[in-house]
Amino acid sequence: MRRIGVMTSGGDAPGMNAAVRAVVRRALAAGVEVFGIRHGFLGLLRQEFTPLAMQSVHDIIHRGGTVLLTARCEEFLTPAGQARAVENISAAGIEGLVCIGGDGSLRGCVALERLGVPTTGVPGTIDNDLGGTDATIGFDTAVNTAVEAVDRVRDTAAAHERTFVVEVMGRSSGFIALHVGLACGADAILIPEVPWAAEDLCRRLRADAQNGWRHNVIVVAEGAGHGFELGQRIEQGTGLETRVTVLGHVQRGGSPTAVDRNLASRLGAGAVDFLLEGCHGVMAGVQGSSVAPVPLRLVTSTRRAIDPSLYELAAVLSSWRGGSGSVVDR
Ligand code: F6P
């Protein structure tokens, strides 16, 4: 291969820039040119290609967001859009592609592979919900950002003797909520993987209040319920003064942690190595201490499940578990 492309796609994640840097520098070190594709799959359709040099990725390892910009692109989902993307890739002399993103982005890689474009993926999403890798880029940073926020909320919750609901990201997975809730000693953690009922939670909060419990912090994943609705239910069902904080996109920004920078550097370089070795149609995943190629079809056809023993631990430490008390395979 003489020229490859690199792009970021879908929701941004802290550490994407570190991954872009690693892709560019690893490829240049192997004598391969790199084109940056701006705005992900949308940029493939709009031919937003820019040559990248060593210097182009200088001073970005510590920055959140993505210097290549990102987008969600409906048009690429159509056969006509995909055919146009392939034409543009070939017209630009790009012989292989590295795509950094989450579930939807990796599905886009599968489509390109099927149309003959050698593609490797890098797992970049704060949700940590991809199979075939122990971790995704951005998760550690998002968890640390949310932990800091919840610690602050706990201070004011204690000062006013209030109940707080903190909604964290995770449209369909509870990884962030579980890891944040465990790290913050949340009084209840609500995740989409475990059914729960507001009445049970209210009963428990009423009992705790009778035992002199003065304040609570409840962490809810956005996919498990809406923070504001839950806050209202709690106030109505317990009489406890309740406030709600939705952390939202705050969790997606900020400088990546060292864990995410190093993970991104390893996975970005790994994705280039696989591509240049002719091993494409794979995602570079971290498994234990190694970087391994994981077939994209496998990654996109399975969803990573949370660790039931971790949920169990969180449940024991907070003495709250969802209705059925066990993790449901989604
Ligand atoms: O990046 C994944 C994610 O953070 C989800 O947890 C969340 O639901 C979604 O992105 C929201 O992203 P957007 O506002 O960009 O659609």
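Guide: Buried means under 20% relative accessible area, exposed over 50%, and partly exposed in between (1.4 Å probe, protein chains only). The model is predicted: local features need pLDDT of at least 70, side-chain atom pairs count only at pLDDT 80 or more, and totals for chains, interfaces and linings use all residues. Residues are numbered from 1 along each chain as its sequence is written, and side-chain values use heavy atoms, without hydrogens and water.

Visitor: Are Phe139 and Phe175 buried or exposed?

Guide: The limit for buried was given above. Both Phe139 and Phe175 are buried.

Visitor: How do the ring planes of Phe139 and Phe175 meet?

Guide: Rings of Phe, Tyr and Trp (its six-membered ring) pair if their centres lie within 6.5 Å; planes under 30 degrees apart are stacked, over 60 edge-to-face, the rest tilted. The whole structure holds two aromatic pairs. In this one the ring centres are 6.4 Å apart and the planes stand at 90°, so the pair is edge-to-face.

Visitor: How many residues apart in sequence are the parts that this pair ties together?

Guide: Helices (H or I, at least four residues) and strands (E, at least two) are DSSP runs, numbered from the N terminus. Phe139 lies in helix α5 (residues 139-160) and Phe175 in helix α6, so the parts tied together are apart in sequence by 36 residues.

Visitor: Which residue of β8 is the bridge partner of Leu190?

Guide: β7 and β8 (residues 216-221) run parallel, joined by three bridges. In β8, Leu190 has as its bridge partner Val220.

Visitor: How wide an arc do the buried residues of α11 cover?

Guide: Helix α11 (residues 308-318) buries Tyr311, Ala314, Ala315 and Ser318. They sit on the same side of α11, because their arc around the axis is only 100°. That arc is taken from the directions from the helix axis to the C-beta atoms. To repeat the value, the arc is 100°.

Visitor: Which residues are exposed on the other side of α11?

Guide: Elements including α6 (175-184), β7 (188-190) and α7 cover the buried residues of α11. On the other side, the exposed residues are Val316 and Leu317.

Visitor: What separates Asp103 and Arg107 along helix α4?

Guide: A salt bridge puts a side-chain nitrogen of Lys or Arg within 4 Å of a carboxyl oxygen of Asp or Glu. Asp103 and Arg107 form one, at 3.1 Å from N to O. Because they are four residues apart in α4 (residues 103-114), the separation is about one helical turn.

Visitor: How many salt bridges does a search of the whole structure find?

Guide: Arg203 and Asp200 form one, with the closest N and O atoms 3.4 Å apart. Glu48 forms another with Arg46, at 3.2 Å. Across the whole structure, the count of salt bridges is 16.

Notes: Contact = heavy atoms within 4.5 Å. Pairing = 2+ DSSP bridges.
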